[in-house]
Amino acid sequence: MERDSSNLEECTLLFDVWLVTHLTSRLLDDHLRPLGLTGDEFGLYSLVHTFEPIAPGRISRLTGMAPTTVSGMIRRLTARGHLVQVPNPEDARSRLLRLSDDGRRVTAKAAGILVTILPRLYGALAAGPDAVRAALADLDNALRGMTDVAPRPYATPPARPRDDEPPSITYGGPRLTEAQEAEVRMFIDWLRTRDRGGPART
């Protein structure tokens, strides 16, 4: 009997997302392994850094992760000495999370590693990083609307200036490739991160 694959073909977008999720995890895990981190852990560190002090429940609402998954990660990262729990002034029964000094250091090191691989990724994107991130933001918002998860925790960065807009930094050398421009932007982000003492956004 011939199988009907039409339903599977209509699920292609969801399958694409599933594949990209695992490929991204593989890339992050491979590069962060020397620091003893996984991509999921780095994501949690970055989220805590951005919103600290933050309640575990809010982490679950922002990421869509199950509360039990969040609790397990918190126990593991607290045992490493990378997370500390502080009193919640609004609820004596709960605790808020902050990065410890060691947690900040390892997060900054991880961000530094990931910044070095972004130019290669950006240079391989046919549509360019701005267009891809805009499309991902659209998908992110749609998924959040369907899963009753909190609104997106950060805004998508604006697209690069048009050719007729004056640049914020002048450069008199030969024209850079798209990959080189991406590396320069990542270095600028790293400088900003270094000066405010936190992990870069990737």
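Analyst: Read along the sequence, the pattern is α-α-α-α-α-β-β-α-α-α, with helices (H or I, at least four residues) and strands (E, at least two) taken as DSSP runs numbered from the N terminus. This is a predicted model, where local features need pLDDT of at least 70, side-chain atom pairs count only at pLDDT 80 or more, and totals for chains, interfaces and linings use all residues. Residues are numbered from 1 along each chain as its sequence is written, and side-chain values use heavy atoms, leaving out hydrogens and water.

User: How many helices and strands in the chain?

Analyst: Eight helices and two strands.

User: Ok, new topic: is His 82 buried or exposed?

Analyst: Buried, because its relative accessibility is 13%; buried means under 20% relative accessible area, exposed over 50%, partly exposed in between (1.4 Å probe, protein chains only).

User: And where does His 82 lie?

Analyst: In the loop between helix H5 (67-79) and strand E1 (83-87).

User: What is His 82 in contact with?

Analyst: Leaving aside neighbours within four places in sequence, His 82 touches Tyr 45, Leu 77, Arg 98, Leu 99, Ser 100, Asp 102, Gly 103 and Val 106. Contact means heavy atoms within 4.5 Å.

User: Which residues make the contact of H3 with H5?

Analyst: Helix H3 (residues 39-51) packs on H5 with the axes 11 Å apart. Asp 40, Glu 41, Leu 44 and Tyr 45 of H3 meet Met 73, Arg 76 and Leu 77 of H5.

User: How much of the chain is buried?

Analyst: Buried residues make up 26% of the 202 residues.

Technical notes: Axes fitted to C-alpha atoms, helices over the stretch in contact; angles between N-to-C directions.
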